[in-house]
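The tour below goes stop by stop.

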Amino acid sequence: MLKIKQETKIKQLYNQRGGKGNSTMLRYFIWTIGCQMNKAESQQIAGCLDSVGYRAAISFSNADLVILNTCVVRQSAENKVLGTLGLLKGLKNKHPHLQILVTGCLVDSDTQELKRRFPHVDLLFKPGDYPELIAWGQKQGIPIQQRLLGYARNDVRVASSPCALIPIIQGCDNFCSYCIVPYRRGREVSRPLGEIVREVEELVRRGIKEITLLGQNVDSYGHDLPGHPDLADLLNALSSIDDLLRIRFLTNHPKDINLKLIDTVASVNKVCEHLELPVQAGDDDILRAMRREYTMERYRELVPTIRRKIPQISLSTDIIVGFPGETEEQFEHSLSLLKEMRFDVVHAAAYSPRPGTIACREYQDNITAEVKKERLDKIEELQAAIASEINSQLQGKEVEVLVEGRKKGKWFGRSRSNKLVFFEDAGDWLGQLARIQIEKTSPWSLKGEVKK
Ligand code: SF4
């Protein structure tokens, strides 16, 4: 009954605003860049809009409501956001009824400056600031309610993928000197363990097979909750959910990850053998300037410990090149570290000053764009060679893949160690576990054949 009332309301709004296309429903389009947390929040908002009678549009141009979920962690991401906002200005001039909402890390506490720069935006709300979104919805007559923005509501859809992203802790208390995230997402707030378990039970009931637990620093999970449950406790609780096949989590912090968690990954079968452990630099002086609060010695002890306890583990890391003052020698330390550690995946980025951060205030961005690019290229070239060697060892081997969908006529999914695997088959494999014999490898993905 509630749903019918909501849809009637949306139809009235549609008529008032002279909606587009042949449909009698209002349509939304959510544009998302940045981290998995942004993707999770976009899914949440999409689920809510579906449940109040909106329908997903295939592009900006046939939407009545556009939401930009933004990232400004690097200049390149910010440039894309600004470009998209410019594009939307033109679209709004042509279609004045278009509603434009902006969230994500572009939005800080003081929205006045952003409002001045982007007068065509109808609402700016901080990441996860749903009361602001709800209040805006009420003024517009859009029945967005807190309960619909909760996780795994009965009336919220599950996307066609068998995998779900589950935020478990919001914000970050670390204040790495280059990072804008704590200023935009605020301090750490963990979700209660029981609430997460109930959400995952509900998602599994609706067909989800794999979950990825998300946090800027998942190792901080629970320190602010009564009884202080930690990530290992949460993994143990989730692993007892029948029909949940796989559990992943990201991102860890090298200063906080502990033996209890490593032992849990080693012993709980549903937890996949993959860790994201951002090192950021291979030099102690740079790490100190970054305020990462660990040393190379700690990192060099940690990785072999993880590999000894979890022999199948695959490791990803992040590296920043061209941090203020990074000398050629210090950069060489990062390269040597990558050669020594042989990560499966390296996400490399050039430093860009983020206004409001400690590094932006205290250090001069004195490495030229050319040098940053050169260093980035060296890292990428080295890592392509390492990943190529690591992946080639899987040639002829069998891996278990949870099939997530189809791309260009091929099924795709990930192995337990997070390798992207493609295969061709006429059957319907969506959401199934497939045994794939690997026939072809590259630094970025694998290709194989189903073992029947
Ligand atoms: S741990 Fe550091 S890099 Fe990661 S979100 Fe927190 S402040 Fe940013």
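A salt bridge here is a side-chain nitrogen of Lys or Arg within 4 Å of a carboxyl oxygen of Asp or Glu. This is a predicted model, in which local features need pLDDT of at least 70 and side-chain atom pairs count only at pLDDT 80 or more, while totals for chains, interfaces and linings use all residues. Residues are numbered from 1 along each chain as its sequence is written, and side-chain values use heavy atoms, with hydrogens and water left out.

**Stop 1: salt bridges**

Select Glu210 and Arg248. Glutamate 210 forms a salt bridge with arginine 248, and the closest N and O atoms are 2.9 Å apart. Glutamate 210 lies in strand β8 (residues 210–215) and arginine 248 in strand β9 (residues 246–250), so this pair ties together parts 38 residues apart in sequence. Helices (H or I, at least four residues) and strands (E, at least two) are DSSP runs, numbered from the N terminus.

Is glutamate 210 buried or exposed? Glutamate 210 is buried, at 0% relative accessible area. Arginine 248 is buried too, at 6%. The scale: buried is under 20% relative accessible area, exposed is over 50%, and partly exposed is in between (1.4 Å probe, protein chains only).

Now widen the selection. Glu210, Arg246, Arg248, Glu400, Glu404 and Arg414 are linked in a network of salt bridges. The count for the model comes to 29 salt bridges.

Move to helix α15 (residues 369–392). Lysine 373 and aspartate 377 meet there through their side chains in a salt bridge, 2.9 Å from N to O. The two residues are 4 apart in the helix, so about one helical turn separates them. Lysine 373 is partly exposed at 49% relative accessible area. Aspartate 377 is partly exposed at 34%.

One more pair: select Lys255 and Asp256. Their salt bridge has its closest N and O atoms 3.0 Å apart. Lysine 255 is partly exposed, at 24%, and aspartate 256 is partly exposed, at 26%.

**Stop 2: nonpolar cores**

A nonpolar core is a set of buried Ala, Val, Leu, Ile, Met, Phe, Trp, Tyr and Cys residues joined through side-chain atoms within 4.5 Å. Which residues have the most contacts inside the largest core? Select Ile168, Ile211, Leu213 and Phe249; the core itself has 68 residues.

Centre on isoleucine 211. Leaving out residues up to four places away in sequence, isoleucine 211 touches Ala164, Ile166, Val200, Leu238, Leu244, Arg246, Ile247 and Arg248. Contact means heavy atoms within 4.5 Å. A second, separate core has 26 residues, including Ile33, Phe60, Ile100 and Phe118.

**Stop 3: aromatic rings**

Rings of Phe, Tyr and Trp (its six-membered ring) pair if their centres lie within 6.5 Å; planes under 30 degrees apart count as stacked, over 60 as edge-to-face and the rest as tilted. The structure holds 8 aromatic pairs. Select Phe175 and Tyr183: the ring centres are 5.3 Å apart and the planes are at 80°, so the pair is edge-to-face. Phenylalanine 175 is partly exposed at 21%, and tyrosine 183 is partly exposed at 29%.

Next, select Phe323 and Tyr363. Their centres are 5.8 Å apart with planes at 65°, so this pair is edge-to-face. The pair links distant parts of the chain, 40 residues apart: phenylalanine 323 is in the loop between β11 (314–321) and α13 (328–341), and tyrosine 363 is in the loop between α14 (358–362) and α15. Phenylalanine 323 is buried at 0%; tyrosine 363 is partly exposed at 29%.

Then show Tyr294, Tyr299 and Phe343, which form one aromatic cluster.

**Stop 4: serine 334**

Select Ser334, in helix α13. Serine 334 is buried, at 1% relative accessible area. Its side chain reaches the backbone nitrogen of glycine 282 at 2.9 Å. This is a polar contact (a pair of N or O atoms within 3.5 Å; within protein, one must be able to donate a hydrogen and the other to accept it, and residues adjacent in sequence count only if both atoms are side-chain atoms). Not counting residues up to four places away in sequence, serine 334 touches Ala281, Gly282, Ile319 and Glu326.
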